[in-house]
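The model comes up just below.

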Amino acid sequence: FDEADITYLLALRKKLAPKIEKDGVKLTVTTLLLKAVAKTLIAHPIFNSSIDEATDELVYKKYVHLGVAVDSEAGLIVPVLKDADKKNVAVLSKELGDLAEKTRARKIAPDDLKGGTFTVSNLGGIGGTFFTPIVNLPEVAILGIGKGVVRAVVKTGADKTEKIVARTMLPLCVSYDHRVIDGAAAARFIKTLVETIEGLTEKDLGL
């Protein structure tokens, strides 16, 4: 478990939204977070692997296909965003919106539910903070995202003095298959993820 300061990320979304949403595409914080996840997976490839039970082999993937858990009347369904690391945030936003709409309408195609390499479950829209998501086998890890909350946080300024400021903090939770990943690797992964979220740039978003 860890937290990311998404105050800057929210400001970045507000800045980019008019440019992207003029074509009828909704830019959400989730899409920005997916780009941060994809970048982190490239830096920590073992989290983007799977176990082949038949051959008892660990398979590293050369692509990033992100499963995104969608809450529907039929229960939790996980459509897959293919090649999330190679698409800009505008394309991802459109694809995510289309997949979520098809999923809730129960019109999702079987191929859209296959091939995921890592799953993201965002419960922020419902509420709650930290939770323990269950790994979607044969993947080896999953990220859970809670609801961002504005809190008083101590920050050290450029003049080295500490100040209490209001920041929006986002709960993050990583579950992992201990046959492949140990606690130290998971701690490094979530540390990188937090740093990536807090330092996300327009270049990272493909803009």
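What volume does the largest pocket have? About 870 Å³. This is a predicted model, where local features need pLDDT of at least 70, side-chain atom pairs count only at pLDDT 80 or more, and totals for chains, interfaces and linings use all residues. Residues are numbered from 1 along each chain, and side-chain values use heavy atoms, with hydrogens and water left out.

A pocket here is an open set of points on a 1 Å grid over the protein atoms alone, where a 1.4 Å probe fits, with protein on both sides within 12 Å along at least five of seven lines; lining residues have an atom within 4 Å of a point. The volume is the space filled by probe spheres set on those points.

The largest pocket has 36 lining residues, with T28, T30, L96, R104 and N122 nearest its centre. Elements giving two or more residues to that lining include α2 (29-43) and α3 (89-104), and α3 has the largest share, 8 residues. Helices are DSSP runs (H or I, at least four residues).

| Class | Lining residues |
|---|---|
| Nonpolar | 16 residues |
| Polar | 12 residues |

Now for the helix pair. The axes of α2 and α3 (lines fitted to C-alpha atoms over the stretch in contact) come within 10 Å and cross at roughly 120°. Contact (heavy atoms within 4.5 Å) involves T30, T31, L32, L34 and K35 of α2 and V89, L92, S93 and L96 of α3.

Technical notes. Ala, Val, Leu, Ile, Met, Phe, Trp, Tyr, Cys and Pro count as nonpolar, Asp, Glu, Lys and Arg as charged, and the others, Gly among them, as polar. Axes are lines fitted to C-alpha atoms, for helices over the stretch in contact, and angles run from 0 to 180 degrees between N-to-C directions.
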